[in-house]
Amino acid sequence: MADCGEPDGPGNKDDITRSKNEGKELSKEEKQRLRKQKKQQKKQKERKNEKSETEKEKTPVSLLPPPRPVATQKAPSALPAPASAPIPVPASAPFHSSPAPSPADKPAKSKAELKAERRARQETDRAAKQPGSSSSGIKTKVPLSELNPVVKRLPEHVQVDDPAVVKRLAKKLERQQIPLRSDYGYKVSLFSHLHQYSRKAPLTQQLSIPSTVIHPSIVRLGLQYSQGIVAGSNARSVALLHAFKQVIRDYTTPPNEELSRDLVNKLKPYISFLNQCRPLSASMGNAIKYIKKEISNIPSQCKEEEAKTKLLTCIDRYIEEKIVLAAKAISKYAIEKISDGDVILVYGCSSLVNNILCEAFEKSRKFRVIVVDSRPRLEGREALRRLVQRGISCTYVLISALSYILPEVSKVFLGAHALLANGYVMSRVGTSQIALVARTFNVPVLVCCETYKFCEKVQTDSFVSNELDDPDDLMVTRKGKTQLENWQDVSSLGLLNLVYDVTPPDFVDLVITDLGMIPCTSVPVVLRVKNLDQ
Amino acid sequence: LESLICSKYFRTQVRQDPEVPSAVAAIRTLLEFLKRDQTGETILGLRENLTQTIRRLEEADSSVAVSSGGELFLRFISLTSLEHPDLSQCKKVMVERGELFLKKISLSRSKVAKLCHTFIKDGAKILTHSSSRVVLKVLESAAADKKRFTVYVTESQPDSAGRQMADKLQNLNIPVTVVLDAAVGYIMEKVDLVIVGAEGVVESGGIINKIGTYQLAVCSKAHNKPFYVVAESFKFVRLYPLNQQDVPERFKYKADTLKAVEDLAEEHPMIDYTPPSLITLLFTDLGVLTPSAVSDELIKLYL
């Protein structure tokens, strides 16, 4: 039971604030105490809310025609739950506080419960439409939380326009002693729920030197991410794994701690820091999940040196299997699809697609490549450089010339940032446009993606979860004049620099993965098979 | 010497029972080979021999079904190699499993017919293409269920297989009309549904079938008529064509043509590829599937 009474009093609170001000890392006990205090404060607040809500809500509920008297008793107790939805207390609490109905009604109660839940759902929808109700009504499905105590939440990085969430994030970062990065510039209203940072203000400027909380290789990695020095899904994951290897090498288990638990806790602030520098990609998320699982599976009797070498070999094997060997397998399948005389269109710079084309050229397939590029990143130039170096004949166009060049094209090869569970392909912005126009011209579209980039997320549009890059990148200086120099002064002007977009599966003909060639709709099957293996 | 025996056995199988699917005949041949094979010393050697036999059978009959049936048989029995280290015992288990597999797939045609004939309503007008034994079985069971329907069959040149189908249907007392391949667009507004067989079902959920099927599918999509495919599960093959040209040459032409003719560009292909977007449902012995579910089944079968 969490109700163990008041903590040891105000004395410990002073200790905690003192150590925070000194910049030391909070000890484990202090962190636990902080957590407990906060939980109890929230519980008290919620109990107060409930009492006031039950008095408020009783009047509108009595107007509803009650089929059974038990149902009305249940409804008001279900209603306070939407008001307290953002508070992470198991929602079974409201049920306990409701008046206990007669034991004779017990079998009938289950039907009444369902009816009450249904009505509660209707009430929350109605309440959410009314002004003055908390915006949390939209976020979490309350009736669901009554059925299972785990409340599912939206991730914090897509709720930037909600001040409660931002405050929570700030508190979490404060606890982990990581500076909070502030947003920059005016955000277009459709994307105001996402972060928008400036490249001129990297997070590392706000860190004290030397930083005792964050490992230096992680600081370097964060800077490389935020400045765009390391870019591209595979490159970022590999860099992350190498940085973690360094962290593990430098790690020593503190006394009275277990490596398997302490190392995972050590990694959490690093991950928050990297997230602040640049939002994590799906591939990085999967890599982190894997590492955490490996660490927590280390048996407790394992010696520290042995455990460390084991972890290092695990990481090496992950990189080797999921990235390097997967690329070889994918090229093997993809080369079957490249025939002599082909004209292949590629977009931007995907390490995997470049690998495939170089391998096909080595196997003396005769084809030529059209590289499509787009501002402001102009990544296609890098791809062009790599291909021309190998001797492949290339053409270079900007994306505005796409419908002009497509009648010549026989196949389109695209890379992917992630493959979502409903078959949508998340990739660099502009990819869905290419897939759409290619479909109109009846040109087959092939997406190449390793299986470690498959993620369980579901998205049907590019708005709900995306990344906003520095809007200053859109400014361009020609003939000494920069047109958008003072864009911040124009109040009605917003610059939007999107990074990703999603392509629906009907535009994609084939996905080439290391498991073979599958249609886009079979991604959930692969995820299911992989989960069975694990 | 062995190759001659194999192809002769295969051909006698096909001749003895014209109703048997070519894949089943191929699998019977492979099973015979397995029983008679004395030279295999290792499991790998045995696999090699079987793969060679399949290739020789493909030379005898180049349809997709033979290659898919052979590959499935190989997969079905080779999983035993992990369990029994002793070769002779392994062989015995392989033969047993092969017989079991054969028995299962011989019943598949009737399973498909049972699933599909409920989709034929009384008074329906059905359009079908060329001669398919599975479609014949479906129509037979629908007629046995006392349903009244009329059938239009395309003539299906260059071998006029449609006419043979029309004769068989007439023997079952089903009213049938033969139409020209070119008249498919003309007749489409009269029909209620289109049912075709398949020589192979590919990973994307599309089918490989007699030339003219793709045209039929495009017309039925334009008229919003349902396009049903009936196929047994051993016809699922690990191909993924992107368009018509992407289908391998060894399936496009008859086996004799492949051997005799030098320049295949002069020859007319015997099959075409119908993409999954034009297919409404596939009836197989694994159940009624949508085209996207085919990949799911294939992953289960092969991975």
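The following legends describe close-up views of a predicted two-chain model.

Residues are numbered from 1 along each chain as its sequence is written, and chains are lettered from A in the order in which they are written. Because the model is predicted, local features need pLDDT of at least 70 and side-chain atom pairs count only at pLDDT 80 or more, whereas totals for chains, interfaces and linings use all residues; side-chain values use heavy atoms, with hydrogens and water left out.

**View 1. The interface of chain A and chain B.** Contact, defined as heavy atoms within 4.5 Å, involves 14 residues of chain A and 11 residues of chain B. The buried area, meaning the accessible area (1.4 Å probe) that two parts lose on being put together, summed over both, is about 1100 Å², and carbon and sulfur atoms give 60% of this area. The rule finds 5 residue pairs in polar contact across the interface, both residues being at pLDDT 80 or more. A polar contact is a pair of N or O atoms within 3.5 Å; within protein, one must be able to donate a hydrogen and the other to accept it, and residues adjacent in sequence count only if both atoms are side-chain atoms. On the side of chain A that touches chain B, strand 12 (516–518) and helix 19 (523–533) are the elements that give two or more residues. Helix 19 of chain A supplies the largest share, 3 residues. Helices (H or I, at least four residues) and strands (E, at least two) are DSSP runs, numbered from the N terminus.

**View 2. A salt bridge between the chains.** A salt bridge is a side-chain nitrogen of Lys or Arg within 4 Å of a carboxyl oxygen of Asp or Glu; the interface of chain A and chain B has 2. Asp246(B) pairs with Lys337(A), with the closest N and O atoms 3.0 Å apart. Asp246(B) lies in the loop between strand 7 (227–230) and helix 11 (249–252) of chain B, and Lys337(A) in the loop between helix 14 (304–336) and strand 1 (342–347) of chain A, so the pair joins two chains. Lys337(A) counts as buried, at 6% relative accessibility; buried means under 20% relative accessible area, exposed over 50%, and partly exposed in between (1.4 Å probe, protein chains only).

**View 3. A buried salt bridge in chain A.** Lys411(A) and Asp342(A) form a salt bridge of 2.8 Å, N to O. The pair links distant parts of the chain, with Lys411(A) in strand 4 (residues 411–415) and Asp342(A) in strand 1, 69 residues apart. Both Lys411(A) and Asp342(A) are buried.

**View 4. A salt bridge between loops of chain B.** The side chains of Arg148(B) and Asp122(B) form a salt bridge at 3.0 Å, N to O. Arg148(B) is placed in the loop between helix 7 (133–144) and strand 2 (149–154), and Asp122(B) in the loop between helix 6 (108–116) and strand 1 (124–129), so the pair ties together parts that are 26 residues apart in sequence. Arg148(B) is exposed, at 61% relative accessibility, while Asp122(B) is partly exposed, at 45%.

**View 5. A salt-bridge network in chain A.** Arg199(A), Arg377(A), Glu379(A), Arg428(A), Asp469(A) and Asp473(A) are linked in a network of salt bridges. The whole structure has 31 salt bridges over all chains.

**View 6. The surroundings of Glu456(A).** Glu456(A) is in the loop between strand 7 (445–448) and strand 8 (477–478) of chain A. Not counting residues up to four places away in sequence, Glu456(A) touches Ala421(A), Leu527(A) and Asn531(A).
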